[in-house]
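Subject: The structure you asked about

Hi,

Here is the structure, as promised. Have a look at it first, and then read on for my notes.

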Amino acid sequence: MEKIKIEKMTLDDIDEVLEVCKNSFPIPWSRKSFEEEMSNMLATYLVAKLDDKVVGFIGLWFVMDECHITNIAVHNEYRNKHIATELVNAMFEYCKEHETSYVLLEVRSSNVAAKELYKKFGFKEDVVRKDYYKNPDNTREDAIVMSLEIRN
Ligand SMILES: CC(C)(COP(=O)(O)OP(=O)(O)OC[C@H]1O[C@@H](n2cnc3c(N)ncnc32)[C@H](O)[C@@H]1OP(=O)(O)O)[C@@H](O)C(=O)NCCC(=O)NCCS
């Protein structure tokens, strides 16, 4: 595989990020959500590109000494090639810049791949947010809050 490039996401990347999203989530984020995030002073979005095409992304909010992972996805044709691992590693570089002490995220309780990804980096499961996520059939699913303390 060609080398993956990790870059800051720009408005020009939104079409391809939306493709990754549609391919990855039962209820994908809208274009408007990403456009708003591009002008959110707290947000940093990174894209993983292969041959200049977006194959994955991660969304981060830096608030005080915390980093919140808002979203992460890799197009299903490119999974299990450590692209999410590269995105999370890139996140840690931004955490250094922001002097981050904690990284937090919510994940669907059924999402084994994402939970295993985060556990690989030392994230622990903290609390359950009951019925946090909506499913396309209007049922709900719990979120698990996961966190990692960073010792700088
Ligand atoms: C979760 C996701 C981003 C992982 O992307 P990826 O590029 O395939 O992940 P990586 O190849 O970097 O895998 C890293 C680790 O995650 C774990 N992992 C990844 N996919 C897994 C799976 N299907 N089952 C179990 N563990 C898995 C493994 O521990 C893996 O480490 P290893 O290869 O050394 O064993 C991807 O599956 C995805 O986009 N899913 C849909 C969107 C989503 O659910 N996002 C999470 C929102 S919180």
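Predicted model: local features only at pLDDT ≥ 70, side-chain atom pairs only at ≥ 80, totals over all residues.

**Overall picture**

The protein has four helices and seven strands. If you walk along the sequence, they come in the pattern β-α-α-β-β-β-α-β-α-β-β. On size, the C-alpha trace spans about 45 × 40 × 30 Å along its principal axes. The radius of gyration is 15 Å, and a compact globule of 152 residues would come out near 15 Å, so the two agree. Of those 152 residues, 27% count as buried.

The seven strands make an open sheet with mixed pairing, and their order is 1-2-3-4-5-7-6. At the edges sit strand 1 (5-8) and strand 6 (124-134), each of which pairs on one side only. From one strand to the next, the twist averages 25°.

Strand 5 covers residues 102-108, runs parallel to strand 4 and is joined to it by four bridges. On the residue level, His-68 has Leu-104 in strand 5 as its bridge partner.

Helix 3 is worth a look here too. This helix lies across strand 1, strand 2 (43-50), strand 3 (53-63), strand 4 and strand 5. Relative to strand 3, helix 3 runs at about 35°.

**Around the ligand**

Which residues come nearest to the ligand? There are 20 residues around it, and the nearest are Arg-79, Ala-84, Thr-85, Ala-113 and Glu-116.

As for where the shell comes from, strand 4 (66-74), helix 3 (83-97) and helix 4 (112-120) each supply at least two of its residues. Helix 4 gives the largest share, with six residues. So much for position; by type, the shell divides into eleven nonpolar, five polar and four charged residues.

Cheers

Key: Residues numbered from 1 in each chain as written. Rg over C-alpha atoms; globule rule 2.2 N^0.38 Å. Buried ≥ 20, exposed ≤ 12 C-beta atoms within 10 Å, placed from the backbone. Near = placed C-beta within 6 Å. Nonpolar A, V, L, I, M, F, W, Y, C, P; charged D, E, K, R; others polar. Pairing = 2+ DSSP bridges. Axes fitted to C-alpha atoms, helices over the stretch in contact; angles between N-to-C directions. Contact = placed C-beta atoms within 7 Å.
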